Amino acid sequence: MDENLRRVIFETFSEVFETMFFTFLEPLEEAPGKGELGCGRFIEATISYSGGSNGNFLFYFPWELAKNITVNFLGVDEDEVRDGQLKDTAAETANMAIGSLLGKLDPGGKASLAIPQARLLAEFSPETLFGETGLCMFGTEFGILWVVGTHA
Amino acid sequence: MAFNILVADDSETMRAVIKKTVSMSGVPVGEFHEAANGKEALAILAETWIDVILSDINMPEMGGMELLKKISEDEDLRKIPLIFITTEASDARKEEAQKHGVAGYVKKPFQPETIKAILYDVLEKAYEHRLEENPGEETGEESDF
């Protein structure tokens with residue numbers, strides 16, 4: 001993934017997270033050490049597009065981050081949040097982030113977004129993502145958001 | 001005078017956020033109705049008086065653009081304003097939506113103020129339409145619309 005695309009991704013995702021969830025992203029240049037990976041429960045959201053451009057993006061939200069953005073999005077208390085809402089918010093986040101990105105990468109609107117999907121991962125290690133060429137990492141107050149994407 | 005609002009989005013969470021945004025905007029809401037796709041929206045429209053539709057574009061089974069086309073082709077439904085709230089904000093999509101008579105276009109992520117401004121603008125027209133259809137509803141009281 002080239003640096004220009006990474007910059008556009010960061011700018012686009014930052015706008016979505018700040019506007020909808022009051023969450024600030026910080027791009028990470030290097031993978032963190034093992035102790036900072038945050039293995040455990042995650043939510044995986046995936047979305048693809050095809051047409052004038054083709055792409056696929058996978059988002060890995062640490063549980064605490066997923067919970068925090070859901071609380072901010074819905075305006076509910078933390079203990080009221082249901083697993084289904086976490087998945088729905090993660091899917092909608094992927095939809096907004098990649099929909100906004102596509103508006104910049106494909107201004108002619110030839111590509112169409114697929115319906116986003118999300119699932120709970122009971123035990124996930126972000127270490128499995130190392131080596132992916134499209135890996136982007138964003139630091140947040142509630143853990144690292146991991147994103148693996150392709151765009152052509 | 002309160003307005004009946006139909007929210008069409010396949011995300012239950014997004015429907016909840018839109019309802020909350022509308023409720024906090026100060027728009028007088030009679031009833032909220034919810035649909036997870038265009039088909040469900042049409043079923044509701046066939047049975048219920050709706051003043052304005054807030055719809056996503058990217059939905060399974062029947063998307064928002066097809067819903068808009070079906071509404072624009074229907075003699076009874078075409079006067080109901082439809083506002084898209086969507087991530088799909090390319091010029092091509094907007095032009096296609098305008099061609100079929102969309103009343104407003106809000107790009108996600110959105111600020112609540114954006115929805116409020118468009119909703120007030122669109123509901124002014126919906127208010128006039130409702131009075132035309134139901135002249136007996138006019139109360140003589142001052143209205144924001």
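Here is a friendly conversation about a predicted model with chains A and B.

Modeller: Residues are numbered from 1 along each chain as its sequence is written, while chains are lettered from A and ligands numbered from 1 in the order in which they are written. As this is a predicted model, local features need pLDDT of at least 70 and side-chain atom pairs count only at pLDDT 80 or more, while totals for chains, interfaces and linings use all residues.

Colleague: In what order do the elements of chain B run from the N terminus on?

Modeller: Helices (H or I, at least four residues) and strands (E, at least two) are DSSP runs, numbered from the N terminus. Chain B has five helices and five strands. From the N terminus on, the order is β-α-β-α-β-α-β-α-β-α.

Colleague: What is the radius of gyration of chain B?

Modeller: This radius is taken over C-alpha atoms, and the globule rule is 2.2 Å times the number of residues to the power 0.38. For 145 residues the rule gives 15 Å, and chain B comes close to that, so it is as compact as a globular protein of that length; its radius of gyration is 14 Å.

Colleague: Which residues of helix α2 (residues 38–47) of chain B are buried?

Modeller: A residue is buried if 20 or more other C-beta atoms, placed from the backbone, lie within 10 Å of its own, exposed if 12 or fewer, and partly exposed in between. The face turned away from the buried side of α2(B) carries the exposed B:Ala43, B:Ala46 and B:Glu47. The buried residues are B:Gly38, B:Ala41 and B:Leu45.

Colleague: Which element gives the most to the side of chain B that touches chain A?

Modeller: Two residues are in contact if their C-beta atoms, placed from the backbone, lie within 7 Å. By that test, 20 residues of chain B are in contact with 23 residues of chain A. The elements of chain B giving two or more residues to this side are α1 (12–25) and α4 (91–99). With six residues, the one that gives the most is α1(B).
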